[in-house]
Amino acid sequence: LMVRVLDNIIDANSWPIPEVKKATLGNRKIGLGIMGFADAIVRLGIRYDSEDAVTFADNLMENIQQMAHQASQKLAEERGAFPNYKGSIWEEQHKPVRNASVITIAPTGSISIIAGCNGGVEPIYSLASRRRALDGQEFVELHPVIEKLGNEQGWLSDAVHNKLIEGIAPGDIPEIPSKIANALVTAHEVAPEWHVRIQAAFQRHTDSAVSKTVNLPSNATVADVDKAFRFAYQLGCKGITVYRD
């Protein structure tokens with residue numbers, strides 16, 4: 001359904017200059033992606049920095065990509081392949097598709113807040129966040145997956161809520177089930193290697209690029225950054241972003 005929607009948007013769009021219109025209509029690239037990966041593995045009791053998370057990411061995105069490519073092939077049967085198909089890698093594979101690329105993983109920062117889930121394929125950044133409204137009013141909220149799981153399973157009392165807001169680790173709060181507490185790992189607790197390995201798992205099944213940040217502590221060295229970039233290159237990532245606190 002979403003492949004069809006995104007393909008329709010290309011035709012409904014308005015173009016700022018002829019060159020952009022020509023390139024877009026010639027390749028008909030779309031950017032189907034995901035968000036809420038961290039929420040999904042927390043619900044499964046899987047830590048972000050684990051082999052299980054890498055395997056889950058690999059299988060998940062492989063299935064999504066296969067289904068999306070099949071949908072694009074079906075659209076090509078109905079409406080024709082993208083105009084620049086001839087000479088493309090798709091022609092080499094004898095696979096007429098409607099869209100030159102289908103899968104992209106974007107940050108989804110704002111829309112994930114609206115949807116009440118974690119952005120893109122990032123780990124949870126913080127278990128509790130302080131937000132400032134337009135009028136300057138500040139409010140603190142727990143990460144949505146904690147609210148949902150805690151209410152569903154009945155362990156999110158006012159006391160637990162306050163402890164999490166105060167920054168007490170989930171593992172030190174007896175009311176939180178150990179499987180959930182262990183899975184509630186945040187971005188700065190994830191070693192750079194696991195940030196890159198998760199990104200690479202998604203990259204293997206993404207037609208263009210994956211938005212992903214490697215969060216580094218304030219004492220990270222040039223060598224640490226160098227290691228992250230080289231590891232990302234070795235694993236076939238298209239690009240990499242590092243953020244040093």
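Author: Happy to! The expected span here is 1.5 Å times one less than the number of residues. Helices (H or I, at least four residues) and strands (E, at least two) are DSSP runs, numbered from the N terminus.

A word on the basis: this is a predicted model, where local features need pLDDT of at least 70, side-chain atom pairs count only at pLDDT 80 or more, and totals for chains, interfaces and linings use all residues. Residues are numbered from 1 along each chain as its sequence is written, and side-chain values use heavy atoms, leaving out hydrogens and water.

Ten of the twelve residues of helix 10 are buried, so the helix is mostly covered (buried means under 20% relative accessible area, exposed over 50%, partly exposed in between, with a 1.4 Å probe and protein chains only). Among the buried ones are Trp194, His195, Arg197, Ile198 and Phe202. Their cover includes helix 3 (37–43), helix 4 (51–79), strand 3 (213–216) and helix 11 (222–234); contact means heavy atoms within 4.5 Å.

Helix 4 deserves a look of its own. Its 29 residues reach 42 Å from first C-alpha to last, close to the 42 Å expected. Its buried residues, including Ala57, Met61, Ala68 and Leu75, pack against helix 1, helix 3, helix 5 (89–92) and helix 10.

A nonpolar core is a set of buried Ala, Val, Leu, Ile, Met, Phe, Trp, Tyr and Cys residues joined through side-chain atoms within 4.5 Å. In the largest one, with 26 residues, Val3, Phe37, Tyr48, Val121, Ile198 and Phe202 touch the most other members. Helix 1, helix 3, helix 4 and helix 10 each give two or more residues to this core, and helix 4 provides its largest share, six residues. Leaving aside neighbours within four places in sequence, Val3 is in contact with residues including Ile30, Leu32, Ala68, Ser72 and Leu75. There is also a second, separate core of 17 residues, which includes Leu156, Ile173, Ile180 and Leu184.
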